[in-house]
Amino acid sequence: MFGLNSRMSGFPARALLPHPRYHFHGYAGDQITGDNKFFDRTALGNHGVRGANLSEAQMFANAGYMSTIDPAGGATDSVIRIPNINFDYANGEKLIVYWLGKATPEGASTNFMGDGFSGTYAGTRVRMNTAGTFQLTLYDSPNFGGEYGGTSNGVPFDGNLHSLAFVLDGSVKKYGMWVDEIYDSGLGATYATYSGGTSVDTRNTNPWNIGCASPVAAASTTGVATQTRALHILRLSASDPIPSVAVLSSAFRQIRSNPSKAILGGAF
């Protein structure tokens with residue numbers, strides 16, 4: 001676990017425990033066929049479950065990873081679905097996501113991860129571009145078609161093992177992006193204003209999806225095959241201060257060295 005030396009004394013118990021704002025912490029490295037789910041290592045039990053068209057054999061097809069297949073007609077629900085986050089960007093909440101794994105770009109940009117897609121389904125989307133870069137989109141249903149963040153300069157999608165991470169700060173309507181634990185060169189050293197500071201109501205009842213960004217009801221073929229080594233999702237309240245770029249960069253570097261460990265409550 002990261003954030004403080006566990007031998008230090010005189011700190012609150014929270015400082016030495018996993019961060020209390022975790023929504024999901026998954027690590028595929030010690031899961032095997034028969035586990036059936038992408039286990040959440042927090043006490044919340046927000047386990048990732050297989051879509052109806054993703055078999056257990058397909059999910060465990062690549063040792064050390066949780067895999068999905070490309071959604072297609074007749075097998076649209078072939079992704080991993082994590083229980084609803086209901087991130088409230090408009091009212092100041094913060095979302096921190098770190099993903100480690102493999103994926104390969106397709107011939108057209110497609111949805112990679114998230115819980116919102118198009119003006120019909122409010123939420124957050126991570127989009128995979130044909131160049132292997134990623135982009136953040138927030139949707140406000142039913143009024144907006146989507147508000148777009150910048151495209152990463154780093155390339156997390158080339159078929160090899162990479163990480164991507166991002167933060168969305170609803171309190172000041174800003175965002176940040178990382179690829180391989182390096183903060184995006186196009187953003188300088190600070191968070192950037194997201195889409196002109198527009199307030200977007202991202203609240204929803206959808207699961208958080210790996211391999212697409214659509215809820216089950218959408219039956220969407222817009223997605224991609226993925227191999228996930230680890231996934232960390234934290235949802236901070238409106239009153240929680242957002243960690244600095246430097247603090248999160250340090251936390252992500254520590255996650256990369258041991259993705260099975262959680263960020264500690266004392267990290268930020």
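Reply: Happy to! N36 lies in the loop between strand 1 (22-27) and strand 2 (49-50); strands here are DSSP runs of E, at least two residues long, numbered from the N terminus. This is a predicted model, where local features need pLDDT of at least 70, side-chain atom pairs count only at pLDDT 80 or more, and totals for chains, interfaces and linings use all residues. Residues are numbered from 1 along each chain as its sequence is written, and side-chain values use heavy atoms, with hydrogens and water left out.

Me: What is phi of N36 near?

Reply: Phi of N36 is near 75°, a positive value in a residue other than glycine.

Me: And why does N36 count as partly exposed?

Reply: Because its relative accessibility is 29%; buried means under 20% relative accessible area, exposed over 50%, and partly exposed in between, with a 1.4 Å probe and protein chains only.

Me: Switching over, where is N86 found?

Reply: N86 is in the loop between strand 4 (80-82) and strand 5 (94-102). Its phi is also positive, near 60°, and N86 is partly exposed at 26%.

Me: Now G123: buried or exposed?

Reply: G123 is buried, at 0% relative accessibility, and belongs to strand 7 (residues 123-128).

Me: Which residues is G123 in contact with, leaving aside neighbours within four places in sequence?

Reply: They are D115, G116, T137, L138, Y139, T202 and N204, where contact means heavy atoms within 4.5 Å. The C-alpha atoms of G123 and P83 are separated by 14 Å.

Key
Helices (H or I, at least four residues) and strands (E, at least two) are DSSP runs, numbered from the N terminus.
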